[in-house]
Amino acid sequence: MGMNIVIAGAGDMGYHLAEQLSYENKDITLIDVDKDALDNAASHLDVMTIMGDATSLEILNSANLKDTHMFMAVTTSEKTNIVAATLAKQLGAKRVIARVRNHDYLAPEHEIYFKNIGIDNIISPTMLCSGEIYRMIKNSAFTEVFEFEGGKLNIVGITLDQYSPLFNKKISDMKDIPLFGDIRIVALVRDQITIIPRGNTIIRSNDHVFFISNKKAVESIIELLGQRKVTIKNIMIIGGDDMAYATALKLEEEFRVTLVHRDKERCKWLSERLNNTLIINGDYKNIELLIEEGLEQMEAFISLTESSETNIITSLSAKNHGVYKTIAHVDTREYIHISHSIGVDSLINKKLVAANQITRFLKKGKVESVSGIYGVDAEIIQYVITKGNRLTKKPLKELHFPDSAIVAGVIRGEEVFIPDGDFILQVEDKAIVLALPAAKALLEKLLH
């Protein structure tokens with residue numbers, strides 16, 4: 001029996017959600033008023049489509065909501081989402097989620113209003129994204145950081161250069177390095193292809209490598225790789241929309257933030273609401289202007305304008321002017337896959353961040369959390385090993401795990417392990433698994 005999921009909104013976010021979920025044999029229905037968007041989704045994904053307005057009772061009734069496990073309203077209109085989600089709940093959908101824009105809605109004390117009208121979760125891509133940017137700035141040596149159990153184990157991503165001591169080494173040769181007891185390479189991306197490494201995999205220059213490590217070893221990864229560690233104090237943000245505002249608001253309490261935006265009225269609006277951010281009205285495409293405003297003294301540069309191209313190009317310019325950490329917001333999915341090869345440190349896309357958050361709500365029961373990684377086909381899935389599971393009978397190397405998956409870490413109560421082939425799982429262990437799409441169906445079988 002598959003899970004029925006109805007998604008209102010076939011834009012980027014709805015499409016990405018449908019794509020993430022269609023790997024997992026769920027029955028997905030997409031509702032949208034835009035015929036082209038639906039046709040595009042139907043030709044690439046295994047989904048049913050209904051053309052029409054998601055706030056119409058006739059349309060909602062045709063989606064058979066009483067058998068729907070989850071209804072997600074993710075159109076670009078906040079009002080449509082709230083109305084559609086409320087009605088969907090009345091019509092029998094078990095869990096409903098609405099995408100919102102308004103910051104006030106997200107205040108914890110307002111949650112009760114949405115619960116009262118039947119909306120289980122509200123999410124704001126903008127707010128999730130500014131939180132993600134904040135985490136990237138705090139962990140600036142890495143391009144990605146995923147924390148498990150409050151940071152007992154972390155998976156971190158980093159691009160290696162030819163000065164790294166791991167360059168041209170085989171993975172199997174690394175176990176002589178003492179530190180490799182506490183860290184392990186769990187995936188690497190080379191030429192846009194994700195590889196789950198085996199003992200004979202060789203590390204090459206420009207590989208984008210993902211490590212898992214326990215808390216104390218995160219710092220040592222930086223030492224091991226000979227990457228320089230820079231303390232971030234000064235940050236420049238370009239752009240002035242909602243996301244730039246939310247990000248400045250989060251960062252200005254701990255960092256010196258300069259924000260450059262071209263619209264004079266909006267700059268006034270921002271300066272009334274931001275306390276410690278220096279706001280400059282000017283053309284952020286003009287690199288001379290950015291230099292006058294201190295670009296070369298910045299440790300971080302975050303480009304959040306509405307143009308993906310501008311964001312990528314200004315980030316590359318910032319890099320050329322000696323800025324240590326650059327983060328560019330990109331809207332186009334194509335760019336995300338090439339990010340690591342073009343030299344921008346970190347790309348972020350608010351719809352993917354939000355879609356990842358929603359997929360977490362779906363993974364009930366044995367699965368605790370799932371994170372997608374930008375530009376990487378693998379997902380990180382955290383499973384809880386339940387009793388009666390045959391996985392606890394044998395060491396890992398005898399369990400027939402698919403080649404396209406790896407048990408990266410195990411959390412057992414307060415202890416953390418980075419398991420080798422001889423490790424034996426116990427009931428209640430939380431296993432952190434990194435998996436390519438091909439492995440998902442097999443893992444569901446193994447781990448249930």
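1. Contacts of Phe211. Apart from its neighbours within four places in sequence, Phe211 is in contact with Asn154, Ile155, Val156, Ile158, Leu166, Phe180, Ile183, Arg184, Ile185, Val186, Ile221 and Leu225. The model in which these contacts occur is a predicted one.

2. The largest nonpolar core. Phe211 also belongs to the largest nonpolar core, which has 50 residues. It is one of the members that touch the most others, together with Ile137, Leu166, Ile185, Ile235, Ile237 and Ile302. Helix H7 (residues 217-225) gives this core its largest share, six residues. Another core lies apart from it and holds 23 residues, including Ala10, Ala37, Val47 and Met70. As general background, nonpolar side chains in soluble globular proteins tend to be buried together.

3. Overall dimensions. The protein chain has 448 residues and a radius of gyration of 23 Å, which agrees with the value near 22 Å that a compact globule of this length would have. Its C-alpha atoms fill a box of roughly 60 × 60 × 40 Å along the principal axes. The secondary structure comprises 14 helices and 22 strands. Buried residues account for 56% of the 448 residues. Among contacts in the chain with a separation of 6 or more, 63% are between residues 24 or more positions apart.

4. The largest pocket. Strand S9 (183-190) and strand S20 (405-412) each contribute at least two residues to the lining. By class, the lining comprises 14 nonpolar, five polar and six charged residues.

5. Cavities. How many cavities of 30 Å³ or more are there? The count is five. The largest cavity holds about 80 Å³ of space. Its lining is made up of Thr75, Thr76, Glu78, Asn81, Arg99, Val100, Arg101, Pro125, Thr126 and Lys350. Helix H4 (78-90) and helix H6 (125-138) are the elements that give two or more residues to this lining. In terms of class, the lining of the largest cavity has two nonpolar, four polar and four charged residues.

6. Helix H1. Is helix H1 (residues 12-22) largely enclosed or largely open? Eight of its eleven residues are buried, so the helix is largely enclosed by the rest of the structure. The buried residues of H1 are Met13, Gly14, Tyr15, His16, Leu17, Ala18, Gln20 and Leu21.

7. Residues with positive phi. Most residues other than glycine have a negative phi. Asn168, which is not a glycine, has a positive phi of about 65 degrees. It is placed in the loop between strand S8 (153-159) and S9, and is partly exposed at a relative accessible area of 46%. Glu428, likewise not a glycine, has a positive phi of about 80 degrees. Glu428 occurs in the loop between strand S21 (415-417) and strand S22 (430-435). With a relative accessible area of 57%, Glu428 is exposed, because the cut-off for that class is over 50%.

8. Ile117. This residue is located in the loop between helix H5 (111-116) and strand S6 (121-123). Its relative accessibility of 34% places Ile117 in the partly exposed class. Beyond its neighbours within four places in sequence, Ile117 is in contact with Ile82 and Thr86. Ile117 and Lys445 are separated by 328 residues in sequence and by 37 Å in space, C-alpha to C-alpha.

9. Asn311. Helix H11 (residues 308-320) contains Asn311. Is Asn311 buried or exposed? Its relative accessible area is 0%, so Asn311 counts as buried. Leaving aside neighbours within four places in sequence, Asn311 is in contact with Ser303, Leu304, Thr305, Ala328 and His329. His261 is 50 residues from Asn311 along the chain, and the C-alpha atoms of the two are 13 Å apart.

Definitions and conventions. Residues numbered from 1 in each chain as written. Predicted model: local features only at pLDDT ≥ 70, side-chain atom pairs only at ≥ 80, totals over all residues. Heavy atoms only, no water. Helix = DSSP H or I, 4+ residues; strand = E, 2+ residues; numbered from the N terminus. Nonpolar A, V, L, I, M, F, W, Y, C, P; charged D, E, K, R; others polar. Core = buried A, V, L, I, M, F, W, Y, C linked by side-chain atoms within 4.5 Å. Buried < 20%, exposed > 50% of the residue type's maximum accessible area, 1.4 Å probe, protein only. Contact = heavy atoms within 4.5 Å. Rg over C-alpha atoms; globule rule 2.2 N^0.38 Å. 1 Å grid on protein atoms, 1.4 Å probe; cavity = no way out; pocket = protein on both sides within 12 Å on 5 of 7 lines; lining within 4 Å. Points joined across faces, edges and corners; volume = space filled by probe spheres on them.
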